[in-house]
Amino acid sequence: MAAKDDLLNKTPWLSGQILVAMPGMSDPRFEKTIVLMCSHGPSGALGLVLNRLFGDLSFEGLLAQFDIDLPFGAPERPICFGGPVEPVRGFVLHGPDYREESTADITSSIKLTATIEVLRALAEGKGPGAALLLLGYAGWGAGQLEAEIQSNGWLTVPADDTLVFDPDIHSKWDKAMAKIGVSPTALSGDFGHA
């Protein structure tokens, strides 16, 4: 039994890592995206796209859907497209300075809360200092993500606060590639072809 447990502990699950789409990603929904992996295991994976805006939806507009008023002068926050699955489901990625009973730890410094209470706290200026609001998520069935990685669809890089909470949403893919230490022009998503 110990040998089996050792094998399971060495399995390269990607929770707490960031997927970086390879140039030439065949799925246009994920072209030049970075995805924070919130959970990954034998039954599948769930991640949040960190660098796509959710159309024209404003923070004030999102709060209005829950009858929460945004006080005058409160900062506007971008709403990100977390992925194509359940685009009405909301998530808030944030730092460790905020916690509810339902808050999940993604890394030691990146937390996830998916409640109306965190939205109220953000509106009242009592929420986490660093926060990223997302609607929808990316999901993979058992073995699907591993197959995409083997097919040269994704690179991985450790998650860090700077990349996750960077307010420059549109530069995150380039910054993730730089963090890996490769130039996107040096990569091809089409290995093995002349």
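Is D67 buried or exposed? D67 counts as exposed, because its relative accessibility is 74% and the cut-off for exposed is over 50%. The model described here is a predicted one.

## D67 and its backbone

D67 sits in the loop that runs between α2 (59-64) and β4 (79-81). Its phi is near 55°, a positive value in a residue other than glycine. Most residues other than glycine have a negative phi.

The loop between α4 (144-150) and β9 holds N152. With a relative accessibility of 18%, N152 counts as buried, because the cut-off for buried is under 20%. D67, by contrast, counts as exposed at 74%.

## The pair F30 and W154

Four aromatic pairs are present in the structure. In one of them, the ring centres of F30 and W154 are 5.9 Å apart and the ring planes stand at 70°, so the pair is edge-to-face. The angle decides this, because planes over 60 degrees apart count as edge-to-face.

F30 belongs to the loop between β1 (17-21) and β2 (34-41), while W154 belongs to strand β9 (residues 154-158).

W154 has another aromatic partner, W140. Their rings lie 6.3 Å centre to centre, with 80° between the planes, and this pair is edge-to-face. W140 is in strand β8 (residues 131-141) and W154 in strand β9, so the pair links distant parts of the chain, 14 residues apart. W140 is buried, with a relative accessible area of 8%.

## The aromatic cluster

Which residues form one aromatic cluster? They are F30, W140 and W154. W154 takes part in both pairs described above, with F30 and with W140.

Conventions: Residues numbered from 1 in each chain as written. Predicted model: local features only at pLDDT ≥ 70, side-chain atom pairs only at ≥ 80, totals over all residues. Heavy atoms only, no water. Phe/Tyr/Trp six-rings, centres within 6.5 Å; stacked < 30°, edge-to-face > 60°. Helix = DSSP H or I, 4+ residues; strand = E, 2+ residues; numbered from the N terminus. Buried < 20%, exposed > 50% of the residue type's maximum accessible area, 1.4 Å probe, protein only.
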